[in-house]
Amino acid sequence: MKKTKSKGFVIVATKKKGFYRSAINLAESVKDFWPEADITLFTHEDWIEQEDRNLFDKIITKGIPNHIRAKLWALNKTPYDITCYLDADMHCEHEDIKDVFDLLPDHLDVVFTKNRPYNSALTTLSETEEMTCHCGFFVYRKNPEIMSLMGAWYTEYLEQQKPEYDMLHYPESAKKWDTFTMWRLLTYGEQKIKWGYIEPPDARWNFVNGYLESELQGTEVVLFHHTIPKDKQE
């Protein structure tokens, strides 16, 4: 008998407690539309409120770094065969969230939505190179290649932050973005990753604050990606 693949959501909230509060709101909104959704939270133990525990099937706190990019550390520790990663500053707004795992076709191992240059701090790297994967939402498969990619994402990002890191001909402003790290790994990494973009209207799955409504192509937002004001992050 063929084993049913486990499927679930991973949310990471670290560094500032405002991200934890937002993660709770996100999980509640997913459960509102899909009570059976399996959700794993990576966070700090001393932040967890007892009443929040029932929202999650798993809460992982052991070893989690107190780092703004702790999500990169967590990704290859997913408990699921197929994972939907959600940034903590998102909110579910539609019942189609139940179909999110169908976005990953059998011939690919990870899929992203596309960055919109008009709404991004940086996408253009050179006359011929552009960062186009939005790294705040994606669906990925647990296999050796992808687990290696996700592990490398964190270690390479840490390397990228070192003062001596050679940015070559790329903009210095790209250095702080984990999107740049993923772009390098997908473009020049040793692993041959089978990746792609979610079919349009992909924006409905990761509708970032500032996107044009026309990006939805007449559909409704499934996941709204907002921004947590700095005064609400603590």
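Nine of the nine residues of strand 7 are buried, so the strand is largely enclosed by the rest of the structure. The model described here is a predicted one.

Strand 7 pairs with strand 4 (residues 82–86) in the antiparallel sense, over five bridges. Within this pairing, Leu86 stands opposite Phe137 of strand 7. Strand 7 is also joined to strand 6 by five bridges, and these two strands run antiparallel. Here Val110 has Tyr140 in strand 7 as its bridge partner.

## Helix 4

Helix 4 spans residues 178–188 and is mostly covered, with nine of its 11 residues buried. The buried residues are Asp178, Thr179, Phe180, Thr181, Met182, Trp183, Arg184, Leu185 and Leu186.

Several elements contribute to this cover. Strand 7 (133–141) is among them, as are strand 6 (110–114) and strand 8 (195–197).

## Leu108, a buried loop residue

Leu108 lies in the loop between strand 5 (90–92) and strand 6. Its relative accessibility is 13%, and because the cut-off for a buried residue is under 20%, Leu108 counts as buried.

Beyond residues up to four places away in sequence, Leu108 touches Arg141, Lys194, Trp195 and Gly196. Leu108 and Ile193 are 85 residues apart in sequence, yet their C-alpha atoms are 8.4 Å apart in space.

An open sheet of three strands has the order 5-10-9, and its pairing is mixed. Its edge strands are strand 5 and strand 9 (207–208), each of which pairs on one side only. Strand 9 and strand 10 (residues 223–225) run parallel and are joined by two bridges. In this pairing, Val208 has His225 of strand 10 as its bridge partner.

Helix 1 lies across strand 5 and strand 10, and runs at about 15° to strand 5. Helix 1 comprises residues 17–33 and contains Ser22. With a relative accessibility of 7%, Ser22 counts as buried. Apart from neighbours within four places in sequence, Ser22 is in contact with Ala88, Asp89, His226 and Ile228.

Terms used. Residues numbered from 1 in each chain as written. Predicted model: local features only at pLDDT ≥ 70, side-chain atom pairs only at ≥ 80, totals over all residues. Heavy atoms only, no water. Buried < 20%, exposed > 50% of the residue type's maximum accessible area, 1.4 Å probe, protein only. Helix = DSSP H or I, 4+ residues; strand = E, 2+ residues; numbered from the N terminus. Contact = heavy atoms within 4.5 Å. Pairing = 2+ DSSP bridges. Axes fitted to C-alpha atoms, helices over the stretch in contact; angles between N-to-C directions.
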